[in-house]
Amino acid sequence: MTPASSHNSSRMVLFGTLLMIIIGAAVVLLVLLNRPAPSTTDTGAAIIEGDAFDGITQVDPPRALQEFTLTDQRGEPFSLSDLRGKMALLFFGFTHCPDVCPLTLLEFKQVKSALGEQAGDVAFVFISIDGARDTPEKLAEYVGGFDESFIGLTGDDATLTRLGSDYNLYFARRADPNGSADDYIMDHTSS
C-alpha cells in the first residue's frame with residue numbers, strides 16, 4: 001500500500017465514522033422530538049402526571065376478593081379488611097429475590113414519592129411467597145429498607161395458594177443447582 005492510498009483509506013474510515021455519528025444523533029433527536037406528551041391519569045384518589053405510571057390496570061368492574069389473614073412484619077395478624085377504605089398496591093415476592101422483587105419495591109417508593117401528600121391514602125403491601133424463610137423479622141428489615149411505611153406480610157403455602165387465585169398468583173420452590181439442600185429459588189408471577 002502506498003502512503004497516498006493509506007492516507008485515503010484513513011480519510012474514508014474517519015468520514016464513515018463521522019457519518020455514523022451524525023446519523024445516530026439524528027435518530028436520537030428524531031425519537032426525542034416525536035415522543036408523546038406525558039399523560040395524566042385520574043386514579044380516583046390522585047391525579048398522576050407522567051409516563052411513570054404506564055402499566056397500571058384498572059379492574060372494572062371491581063372483583064370481590066376473598067378475605068385473608070397473614071402475619072405482618074411486626075408479627076401481628078393482618079387481614080385484607082385492614083386495607084378497607086384505602087387504595088392498595090399488592091406485590092407477591094420474596095426477600096431472597098435477586099431482581100424483580102427489589103425493583104418492584106423501588107417502583108413502589110417512586111410511586112409513593114410521586115403521590116406526595118396523597119401517599120397516605122395508599123397502602124404499599126409486599127406479600128412473601130416464601131413463608132419458610134421470610135419471617136416477620138426478615139420482612140421488617142427487607143421492606144423497611146425501602147420505606148418504613150411499607151407493609152410486609154408472610155404466611156403458609158396453603159393460605160397463599162388459596163388467596164392467590166384472586167390475583168392470578170403462581171409460585172413454586174425450585175432447588176438451586178448451585179446451593180445446599182436448604183437453598184432454593186422461588187419461581188413466581190411478577191404481576
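Author: Here we go through the chain term by term, with a close look at one strand.
This is a predicted model, where local features need pLDDT of at least 70, side-chain atom pairs count only at pLDDT 80 or more, and totals for chains, interfaces and linings use all residues. Residues are numbered from 1 along each chain as its sequence is written, and side-chain values use heavy atoms, with hydrogens and water left out.

Reader: What makes up the secondary structure of the chain?
Author: There are 4 helices and 9 strands. Helices (H or I, at least four residues) and strands (E, at least two) are DSSP runs, numbered from the N terminus. Along the sequence the pattern reads α-β-β-β-β-β-α-β-α-β-α-β-β.

Reader: Why is strand 6 called mostly covered?
Author: Buried means under 20% relative accessible area, exposed over 50%, and partly exposed in between, with a 1.4 Å probe and protein chains only. In strand 6 (residues 122-128), 7 of its 7 residues are buried. Across the chain's 191 residues, 32% count as buried.

Reader: Which residues lie on each side of strand 6?
Author: In a regular strand the side chains alternate between the two faces of the sheet. On one side of strand 6 are Val122, Phe124, Phe126 and Ser128, on the other Ala123, Val125 and Ile127, and all are buried, so both faces are covered.

Reader: What makes strand 5 and strand 6 a pair?
Author: Two strands pair if DSSP finds at least two bridges between them. Strand 5 (residues 87-93) and strand 6 run parallel and are joined by 7 bridges, so they pair. Leu90 has Val125 as its bridge partner in strand 6. From strand 5 the chain crosses through helix 2 (residues 100-115) to strand 6, a β-α-β crossover that is right-handed. That word applies if, with the strands pointing away from the viewer, the path from the first strand over the helix to the second runs clockwise.

Reader: How many bridges join strand 6 to strand 7?
Author: There are 3, so this parallel couple pairs too. Val125 stands opposite Ile151 in strand 7 (residues 151-154). The crossover from strand 6 through helix 3 (residues 136-144) to strand 7 is also right-handed.

Reader: Where is confidence lowest and where highest?
Author: pLDDT is the predictor's confidence in each residue, from 0 to 100. Strand 2 (residues 47-49) is lowest, at a mean of 43, and strand 4 (residues 77-79) highest, at 95. Over residues 24-32 the pLDDT is below 50, and beyond near neighbours in sequence this stretch has 0 contacts (heavy atoms within 4.5 Å) in the model.
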